Amino acid sequence: RSSHSLSEALCAATPMVHMPCFAEQVRNAYLAHARNISIVVDKFTLDNDDLAIAIRTILEDDSYKSVVD
C-alpha cells in the first residue's frame, strides 16, 4: 500500500522519489512533494537521466532530509 510505504519512510526519516502508478499513489506522492519530502517522477516520460537526477537530488540536497528529521 502506498500510504503504508509513505508512513514507513517518514518514520525512518527518509526522503523519497515517487513514481506513482495507480490508486492513491498519485495523491500521496503529490502531498509528499508539496511538503518537500519527495520528488515525483512521471512514469510516462521518465528516462534514465531523469531518474538519476531525482535520486541524486534526494541524496545530496539536505533540504529534503531536514524536513523529515
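## Briefing: cores, helix faces and polar pairs

H18 sits in strand 1, which spans residues 16-18. Helices (H or I, at least four residues) and strands (E, at least two) are DSSP runs, numbered from the N terminus. This is a predicted model, in which local features need pLDDT of at least 70, side-chain atom pairs count only at pLDDT 80 or more, and totals for chains, interfaces and linings use all residues. Residues are numbered from 1 along each chain as its sequence is written, and side-chain values use heavy atoms, with hydrogens and water left out.

- H18 is buried, at a relative accessible area of 14%. Buried means under 20% relative accessible area, exposed means over 50%, and partly exposed lies in between (1.4 Å probe, protein chains only).
- The H18 side chain makes a polar contact with the side chain of S38, at 3.2 Å. A polar contact is a pair of N or O atoms within 3.5 Å; within protein, one must be able to donate a hydrogen and the other to accept it, and residues adjacent in sequence count only if both atoms are side-chain atoms.
- Neighbours within four places in sequence aside, H18 is in contact (heavy atoms within 4.5 Å) with L6, A29, A32, S38, I39, V40 and V41.

**Nonpolar cores**

- The largest nonpolar core has 7 residues: L6, A9, A13, M16, A32, I37 and V68. Such a core is a set of buried Ala, Val, Leu, Ile, Met, Phe, Trp, Tyr and Cys residues joined through side-chain atoms within 4.5 Å.
- A second, separate core has 5 residues, including I39, V41, A54 and I58.
- In soluble globular proteins, nonpolar side chains tend to be buried together.
- A32, from the largest core, is in contact with L6, H18, I37 and S38, leaving aside neighbours within four places in sequence.

**I58 in helix 3**

- I58 belongs to helix 3, residues 48-60. I58 is buried, because its relative accessibility is 10%.
- I58 and P15 are 43 residues apart along the chain, yet their C-alpha atoms are separated by 6.5 Å.
- Not counting residues up to four places away in sequence, I58 touches P15, M16, V17, S38, I39 and Y64.

- Helix 2 covers residues 25-34, and its buried residues are Q25, N28, A29 and A32.
- These residues cover an arc of only 100° around the axis, so they lie on the same side of helix 2. The arc is that of the directions from the helix axis to the C-beta atoms.
- An α-helix has 3.6 residues a turn, so residues three or four places apart point the same way.
- R27 and A34 are exposed on the other side of helix 2.
- N28 is a polar residue to check on the buried side: its relative accessible area is 6%, so it counts as buried. The side chain of N28 makes a polar contact with the R27 side chain, at 3.4 Å.

- Most residues other than glycine have a negative phi, and most peptide bonds are trans.
- A23 is not a glycine, but has a positive phi of about 50°. A23 lies in the loop between strand 1 and helix 2 and is exposed, at 61% relative accessible area.
- N36 is in the loop between helix 2 and strand 2 (38-40). At 29% relative accessibility, N36 is partly exposed.

**Salt bridge**

- The count is 1 salt bridge, defined as a side-chain nitrogen of Lys or Arg within 4 Å of a carboxyl oxygen of Asp or Glu.
- The D69 and K65 side chains form this salt bridge, at 3.7 Å, N to O.
- D69 is exposed, at 64% relative accessibility, while K65 is partly exposed, at 35%.
- Side chains of opposite charge can pair when their charged atoms come close.

**Cysteines**

- The whole structure has 0 disulfides, where a disulfide is a pair of cysteine sulfur atoms within 2.5 Å.
- C11 is exposed, at 73% relative accessibility.
- C21 is partly exposed, at 35% relative accessibility. C21 lies in the loop between strand 1 and helix 2.
- The C-alpha atoms of C21 and H33 are separated by 16 Å, with the two residues 12 apart along the chain.
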